[in-house]
Amino acid sequence: MELIQSFSVDHTRIVPGIFTSRVDHLGDYSVTTYDVRLKRPNREPVIDVAAMHSLEHIIATCLRNDPDWKDEVIYWGPMGCLTGFYLILKGDRTSKEVFDLILRSFKSVNDTQVVPGTTPENCGYYRMHNLDMAKWYANEFVSYLEANAENDDIYEYPKTERLVTDDGQHFFDS
Ligand SMILES: [Zn+2]
């Protein structure tokens, strides 16, 4: 079983922020996965699932239309644990270098009148959206990011030893 880099992270000490989860070097270019974490894992309620879905739609739309960044974006999607999102970008920028992009994207939620792509043709569960709650979570995260922009803890994960099972398998999650 191959090791997944994100699993040396101590989830009991994570605070919200923007973290480099892994950098993959693919021949001549690199791809970086960022964890955009809104909630403290296991220490506060996770994001409401309908709001999470709306944030996924709105911010994906924002990222993929951003004049400076749209060609850099490979993926934006929710974490299964509902505490944040994954962002995958071309290149190997630090998480601090994508701060402005993330801040701008979450600010855009407040200006949204209709969640994009909420038709049965465009979405796997188009009835499961909550724009008002999406705005609430986005505003909370924007305030947090602005208050902590100079705090290194929002850019670097606390580290821990990986879990290893009795038969030597390494455990990974995200
Ligand atoms: Zn959808």
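The model is predicted, so local features need pLDDT of at least 70 and side-chain atom pairs count only at pLDDT 80 or more, while totals for chains, interfaces and linings use all residues. Residues are numbered from 1 along each chain as its sequence is written, and side-chain values use heavy atoms, leaving out hydrogens and water.

- Helix 2 covers residues 99-110 and helix 3 covers residues 131-147; helices are DSSP runs (H or I, at least four residues) numbered from the N terminus.
- Their axes come within 8 Å and cross at roughly 145 degrees, where axes are lines fitted to C-alpha atoms over the stretch in contact and angles run from 0 to 180 degrees between N-to-C directions.
- Residues making the contact (heavy atoms within 4.5 Å) include F99, I102 and F106 of helix 2 and A138, F141 and V142 of helix 3.

**An aromatic pair**
- Rings of Phe, Tyr and Trp (its six-membered ring) pair if their centres lie within 6.5 Å; planes under 30 degrees apart count as stacked, over 60 as edge-to-face and the rest as tilted.
- By this rule there are seven aromatic pairs.
- The rings of F106 and F141 have centres 4.9 Å apart and planes at 70 degrees, so this pair is edge-to-face.
- F106 lies in helix 2 and F141 in helix 3, so the pair ties together parts 35 residues apart in sequence.
- F106 is buried, with a relative accessible area of 1%, and F141 is buried at 2%; buried means under 20%, exposed over 50% and partly exposed in between (1.4 Å probe, protein chains only).
- W76, F85, F106 and F141 form one aromatic cluster.

Key
Helix = DSSP H or I, 4+ residues; strand = E, 2+ residues; numbered from the N terminus.
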